[in-house]
Amino acid sequence: MSGACDGCLRRTWLLGRMAGHLDHARARIAAVLELDDGELIAALGGELADDLLRDRDAVDIGLQRDRCSEAGLQLVCRCDPAYPVRLRDLAAPPRVLHVVGGLDRLLQAAAGDPVAIVGSRAASPYGTGVARSLGAALGRAGVTVLSGMAHGIDAAAHVGALDGGAPTIAVLPGPPDRPYPASRRALHRRVVAAGAAVSELPPGTPVRRWMFPARNRIIAALAAMTVVVEAGERSGSLVTAAFAQQLARPIGAVPGQITRPQAAGSNALLAGGATVVRGPQDVLDALFGAGVRSAAGDDRPELTEELAVLLAGLADGHGTSTALVQAGYEPDEGLAALASLELAGYVRREGGGRYAVIP
Amino acid sequence: MLARIATFAIDGVDPRQVWVEVHIRAGLPAFAIVGLADTAVRESRDRIHSAILNSKFEFPSKRITANLAPAFLRKVGPGFDAALALAVLAASGQIPRDALASYAVFGELSLGGELRDSPGALVVAEGARRAGLTRLIVPRERAREAALVEGLEVAGVPTLRAAAEVVRGARPPELPEAPPAAARQLAAEPDLADVRGHALPMLALQIAAAGGHNLLLEGPPGTGKTMLARRLPSILPRMTRAEAIEVTRIHSVAGLHADGLIGRRPFRAPHHTISPAGLVGGGAPPRPGEATLAHRGVLFLDELSEFQRSTLDALRQPLEDGSVAIVRGQRALVFPTKFMLIAATNPCPCGFAGIEDRCNCGEADIRRHRRKLSGPLLDRMDLLVDVGRPTERELTSGPITSSDSARRRVAEARERQRARLDGTGALCNGEMDARTVRRHVELDEPAEQALAHAYSLGALSARGRHRVLRVARTIADLEGHGRVTHQDLLTALGLRQQPDLASAA
């Protein structure tokens, strides 16, 4: 692969240089990114416009390339025929994709039908559970999961895909070699090892607020379908969904409790006609046509009657003790029953010693 | 004339013998105390002067020099008053000098000549016996405590006058009566029979008590975490006499204990604003911290996430070694800290996680909350149990078990462990190290498979696997199983501390 051409790298350099300026126009960031270099500098450069123009012409492209290769990045620019074709649907496709992990894995995934799973950072345990199992099931069905590696739904989707043994692509707001949020370092390592982290920004660029909607447009454009798992009314994942809608890509949403503010945005998407996602099969049907591809069947072992009662109690949202009492278990047998449900893959032991049902 | 009498300084929770020497010679009237004495000791000159006069003795109008030997040991507090006063009386010929040789004396004086209650009499008595002394004079309130040491003639006296009479050969006063049993009954130990519902946490308490495993209770506010924790001491095996004496001397030195032998295992529940020094000991002079006060008992940390990180990290050494070394200047003091740790925390900042409609905390809030729990400390917790709200039916039904029957089960399980672990250095399953676990925890075939399955699912870390094995062994001991069965192992898995993979990633 040839890397990136000088023109595209020059533009990328300019975005990094003007990262602060661009933040003033973050409300209209998609339109601003459509401007060419001269217009961009004229619109946002202010007093520094002349300096910026001069610097842009004098920028040492070789040095930019060295920095990228020092950071271990692989590059592909939009002048390259291998550039993901779906991204070309954007009015302003990212000029250079900076990739850590595997560029080939990214291009292969992009050439298939990747699905974006996005949602709120302040997600409920239900939301993260759904994102995780959706990610795992889609991964097992051979569909690459795309997301933004944010806390909550995004991270859960990546973890699910990785746990399902599938590669996953994280589109980061800032440079791809630096995990964002930084506390997701471990997840970043796993994503890079099995899939790829990608960004339109060069190494060393500090993260700014405009980069989040800009990143969301890349997720929406790369994905064949966008699924919103849980989103509040002002969630950034609704921005992703809006981009997907502009690109006329299918949108799905997972139904949430109507009483939960964190699910108001995703429920509103459903009201607006988004595909109802009750499980991986709904996503596969929307992508490939009903019944064309099926999610791997439930290979979990059959449950005894007592265990099924216990599972139903947990699914009703009862605490561990209450569920055990209602299912008629003595405490020690009850703990053993919970452990066997867990080993059979029906529940997960959560932080506080409570059990969450795996859909 | 020179007189000499033995007394003891309290160094941490250990006695150090101190000789009080008083020399009276001709010269201008003066009273000097030498020998690295702190302010409280030097102030005792005035107390002694008044106490001697008010006890109808004469205070010699001569040059008095008192020395506290050895001179390198720092002497702290007013406990030397009585010894100094008796030595002055002996040096001035008002009581026989030779009679003092077999005595140790301990206590603070009031201006009126009364011997005041002073903490630490048991430590002094132990020191006296170790030094080969046969008689001990202590304040009357401390007599029963000092008399716990066998082979020592203890005289509990109310005044300096009475102390002098004893030295002159009067019969020592009888030991005071033990307080009536009724007064003790009032503060009955909390019992498991008071608890309704909570079958799961109660099982966890018994497992914790049986194997000496540290326990973390997690659940919403008001469900009874503190109530459950307070009942842990009641199901631990009764203290042996040696353990009871260890506990009594610590509490005596700390001034927390009034009379006789402590019969119950201590339960200490420090508030979360406590400092590291307050928790593990420190200050000048170093005093035992809560960890030492909980020695042979239970240390309960409520609202674990509210403790300062540095405070919790300070608990690592005491938990690991069973003692804590406090180094101040040239001296190092060692305080014993063999306690069981039980901690309680809310699952999230609002406390209602898991009760869907009430909790509004997001995943990020919960992550932040959990990050506040000290990792190294959590690493020492073998058991985690979810304390939920009992149902209405459970609240109105009878108790599940009483502390007495639980304690019997625990004692049996401990007996089995002692037999198995003989010679390994561990006293209970909670103290087993990796090697001991490998050698002494045998699993039957289905248990072996279940463990391998859990590990391959990623539900266990390597360290978590060890913890599960230790706990499974304890459950098997409670059940009387020679090898850990499938059921025992699954139960242990249901109480494990989960390495939450979502947040680990």
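This is a predicted model: local features need pLDDT of at least 70, side-chain atom pairs count only at pLDDT 80 or more; totals for chains, interfaces and linings use all residues.
In chain B, 24 helices and 16 strands are assigned. The C-alpha trace of chain B extends over about 90 × 45 × 40 Å along its principal axes. Of the 505 residues in chain B, 49% are buried. Among contacts in chain B with a separation of 6 or more, 73% involve residues 24 or more positions apart.

The interface is considered next. In the model, 35 residues of chain A are in contact with 35 residues of chain B. On the side of chain A that touches chain B, the elements giving two or more residues are helix 8, helix 9 (153-163), helix 10 (185-194), helix 16 (320-326) and helix 17 (331-343) of chain A. Classified by residue type, the side of chain A that touches chain B comprises 14 nonpolar, 13 polar and eight charged residues.

Within chain A, helix 1 illustrates how one helix is placed among its neighbours. Twelve residues at 1.5 Å a residue should give helix 1 of chain A a span of 16 Å, and this agrees with the 16 Å between its end C-alpha atoms. Buried positions in helix 1 of chain A are Cys8(A), Leu9(A), Arg11(A), Thr12(A), Trp13(A), Leu14(A), Leu15(A) and Arg17(A). The packing partners of the buried residues of helix 1 are helix 2 (19-22), helix 4 (37-44), helix 5 (49-58), helix 6, strand 1 (74-77) and strand 2 (96-101) of chain A.

The axes of helix 1 (residues 6-17) and helix 6 (residues 61-70) of chain A come within 10 Å and cross at roughly 75°. Because angles of 65 to 115 degrees count as roughly perpendicular, helix 1 of chain A is roughly perpendicular to helix 6 of chain A. From helix 1 of chain A, Asp6(A), Leu9(A), Arg10(A) and Trp13(A) meet Ile61(A), Gln64(A) and Arg65(A) of helix 6 of chain A. The residues of this contact between helix 1 and helix 6 of chain A are three nonpolar, one polar and three charged.

Also in chain A, Arg121(A) lies in the loop between strand 3 (115-118) and helix 8 (125-140). Arg121(A) is buried, since 22 other C-beta atoms lie within 10 Å, 20 or more being required. The C-alpha atom of Arg121(A) is 9.2 Å from that of Gly236(A), although the two residues are 115 residues apart along the chain.

In chain B, an open sheet of five strands has parallel pairing and the order 11-12-15-10-16. Strand 12 (residues 298-301) and strand 15 (residues 340-345) of chain B are paired in the parallel sense over four bridges. Phe300(B) has Ile342(B), in strand 15 of chain B, as its bridge partner. Helix 8 (residues 199-211) of chain B lies across strand 10 (215-218), strand 15 and strand 16 of chain B, and runs at about 165° to strand 16 of chain B.

Two loop residues of chain B have positive phi values. His198(B), which is not a glycine, has a positive phi of about 60°. His198(B) is located in the loop between helix 7 (181-186) and helix 8 of chain B, and it counts as buried because 26 C-beta neighbours lie inside 10 Å. Arg296(B), likewise a residue other than glycine, has a positive phi near 65°. Arg296(B) is in the loop between helix 13 (290-293) and strand 12 of chain B. With 22 other C-beta atoms within 10 Å, Arg296(B) is buried.

In chain A, the peptide bond from Tyr180(A) to Pro181(A) is cis, with omega near -5°, and Pro181(A) belongs to the loop between strand 5 (168-171) and helix 10 of chain A. In chain B, Ala69(B) and Pro70(B) are joined by a cis peptide bond with an omega of about 5°. Pro70(B) is situated in the loop between strand 4 (63-69) and helix 3 (81-91) of chain B.

Terms used:
Residues are numbered from 1 along each chain as its sequence is written. Chains are lettered from A and ligands numbered from 1 in the order in which they are written. A residue is buried if 20 or more other C-beta atoms lie within 10 Å of its own, exposed if 12 or fewer, and partly exposed in between; C-beta atoms are placed from the backbone. Two residues are in contact if their C-beta atoms, placed from the backbone, lie within 7 Å. Ala, Val, Leu, Ile, Met, Phe, Trp, Tyr, Cys and Pro count as nonpolar, Asp, Glu, Lys and Arg as charged, and the others, Gly among them, as polar. Axes are lines fitted to C-alpha atoms, for helices over the stretch in contact, and angles run from 0 to 180 degrees between N-to-C directions. Angles under 35 degrees count as roughly parallel, over 145 as roughly antiparallel, 65 to 115 as roughly perpendicular and the rest as oblique. Two strands pair if DSSP finds at least two bridges between them. The expected span of a helix is 1.5 Å times one less than its number of residues.
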